Amino acid sequence: MSKAVPIIGMGAICAAGNTIASAKKGVYAGHDNLTPLSLFDSGLKIPPLSGQVLALEENAVGPNRTAQLAYAAVREALSGLHKRKGLTLGFVVATTVGGITRSELFYKAYKTDPLKLSRAATECAGHEPAALSGFLCENFDGTGFYTLSTACSTGLHAVGLAKRLIQAKAFDLCCAVGSDALSILTIRGFSSLMLLDPTGCKPFDKNRKGTSLGEGAGAVCLASDDACKLLDVKPLAYVSGWGASADCHHMTAPHPAGLGAITAVTAALDEAAIAPADIGMIATHGTATPDNDVAEIRAMQKVFGTVPPFCSMKRSLGHTLAASGIIEAVFAVSAMKDNCVPHTAGFTDLDETIGIAPQSKQKAGIRHVLKNSFGFGGNNAAAVFSLSNEQGL
Amino acid sequence: MKPFTVLGHSALFPQSDPVWNIEIPPHLKRRDPRIWQMAYVAVARLLKNAAAKPKSILVGTALGALDETKGFLDGIFSDGFGSPKNFIASVHNSMAGKLALEFGISGPNLTFCDGQNSFASAIANCELLDSDDFPALVVAVDENIPLLDTILPVMPAQCRAYLSEHTKEGAIALLLANSQTLPAIRSIGPRFAGSNKDKACTRETVTALLKTQKSPDRFFDLSYCKSFLSGAAVCAAELQKNSPGSSIVTSYSPPSNAFSAIELLL
């Protein structure tokens, strides 16, 4: 399925800002947007540095925080579509926590006071990930949806499946949405694995000790060529390739040589029908855990030989889990359009075991960007975004 | 909506298969979550005599490893420490990751969480795979834990109904080929029922989308279906019977207000 599919709308809400316009300059400049966790008490003695959406509007729409974030991103992505002209709209929704931000608090209260059981109907109503998809369909007049959950790689898989749903003519328009709110479960989970850096994440840096979590949502609206003509919209960019693979190595650690990542990236480049040398920027997964960063660069060196300019946005946004693939893809596409490679916040010292450093660049002349996302379960996703459909795919 | 040939199928429902756990290999028996074990045994039964090895895996699960999620939260809220083992397994795609690891499936690895429509979602997305990603392993798996039975009485009527059958937990596995010989299966993934009644999607419209030329011999309306696995369980039973004809299984998921349909061509 090698046809490039137009992107006609994008949206993002994250620690760097509530819209793409308000956030992108800070992301490009590598602003550090991590702050001590203040949204809730995680139970950790020292609140971890996290990418929090502190200015989520008070009257935000949605039954839980994950839904509220998703609503804001989709509203921005669809803001240019004043009339749908009868076109069908599908959603591919990526989330890991769904509505657990409410159900975990219900469970905590219920454990200390079983009489709180009566609150289950309202507090657990949005627990299932699919409830988020139904909520988006309800509010944006959607036709149908798929709800994906493949840990931190989910967002890019959602983009890939949305591309293919358009190609299969399942929907005229299809919105890939990734949304995850910060929760006690994820903060304490990453803490239990000793994967949180108490001083904030430092992607690819010699002194990196782990990641920092964040929250947010991203949305990318794809359209068929016929839909673009009917709506008279000019594509912002194109999704030209998607690749997926499994490491078959370990449930949490990446394959040390990045074998699964190589497979996913190669598949994405093949589908985009471009050579590795055509990639002008890699928006890496770049979680800043010691093993992940090494494995990712090993994989990129194998695919590219000389690795193109690359960046990680994790210190600017926090690791937003299932949303990260889409939020970071939104800013990678924006950077491509704005002709720059973003600065990697948190990086200062070269790690000799990695051997290369992320680099920002102005007047970058980028035609294609690669976005990587990797997750628990050895799950790998990669996608290529292109400025134009120059391959004529 | 393309049909896929069913190369093989298996099912495991612990309640009606009390000695299933003798099939769990020793290295998984001691430390792995029960939901992983159920998924493993269903797939091992399927692949035992399979002529081809799967190249991709698509899992449908409504709630994932619920017992592990509860276990992790219990640790945090009771002792102040959550086990990393519980956390790793609590991720919705942990079953798919474990199956890929155990059976060496290195292709696309996708997990769909669409409530009662999860199995339909997994089948429908086979159409989006590349031809060299086949055979595809499709698995439906969910587990029941006592907390669900505790919560159920206070949930809305629609929700109370859908967790009241014996197929509350189990695993179903299919091996699908990218061809259209019998027996075959195809599906329409979740279609939003809509708040505007004029435009409402119903099981009839979802079924019509399958473009069945004649009425199916068997129609299973699982609106307000009885468990997360109802649709998958009906499909497994129909495949087991292997009576010539066609069946359509429709499911409805209250939290997302969406219908799906699966058609079996036997």
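Reader: Which residues does B:S256 touch, not counting residues up to four places away in sequence?

Author: They are A:A130, A:A131, A:S133, A:G134, B:D114, B:G115 and B:P190. Touching means contact: two C-beta atoms, placed from the backbone, lie within 7 Å. This is a predicted model, in which local features need pLDDT of at least 70 and side-chain atom pairs pLDDT 80 or more, while totals for chains, interfaces and linings use all residues. Residues are numbered from 1 along each chain as its sequence is written, with chains lettered from A and ligands numbered from 1 in the order in which they are written.

Reader: Why is B:S256 called buried?

Author: The count for B:S256 is 29 other C-beta atoms within 10 Å. Buried requires 20 or more within that 10 Å; 12 or fewer is exposed, and in between is partly exposed. So B:S256 is buried. B:S256 sits in the loop between β8 and β9 of chain B.

Reader: What makes β8(B) and β9(B) a pair?

Author: Pairing takes at least two DSSP bridges between two strands. β8(B) and β9(B), residues 258–265, have eight, in the antiparallel sense. So they pair. One example is B:V249, whose bridge partner in β9(B) is B:I262. Four residues lie between the strands of this hairpin, where B:N257 takes a positive phi near 55 degrees.

Reader: What makes α2(B) a helix, and what is its span against the expected one?

Author: A helix is a DSSP run of H or I of at least four residues, a strand a run of E of at least two, each numbered from the N terminus. α2(B), residues 34–48, has 15 residues. Its expected span is 1.5 Å times one less than that number. The result is 21 Å, and the helix reaches 21 Å from first C-alpha to last. Its buried residues include B:W36, B:A39 and B:A42.

Reader: Which residues touch the most other members of the largest nonpolar core?

Author: Of its 212 residues, they are A:V92, A:V177, A:V220, A:I326, B:A39, B:A42 and B:V139. Such a core is a set of buried Ala, Val, Leu, Ile, Met, Phe, Trp, Tyr and Cys residues, joined through C-beta atoms within 7 Å. A:V220 touches A:I326, among others, including A:I7, A:M10 and A:V159.

Reader: Why is chain A called as compact as a globular protein of its length?

Author: Chain A has twelve helices and 14 strands. Its radius of gyration is 20 Å, close to the 21 Å that the globule rule gives for 393 residues, so the description holds. The radius is taken over C-alpha atoms; the rule is 2.2 Å times the number of residues to the power 0.38. Buried residues make up 67% of the chain.

Reader: How many residues of chain A are in contact with chain B?

Author: There are 53, in contact with 52 of chain B. α5(A) gives the largest share of the chain A side, seven residues.
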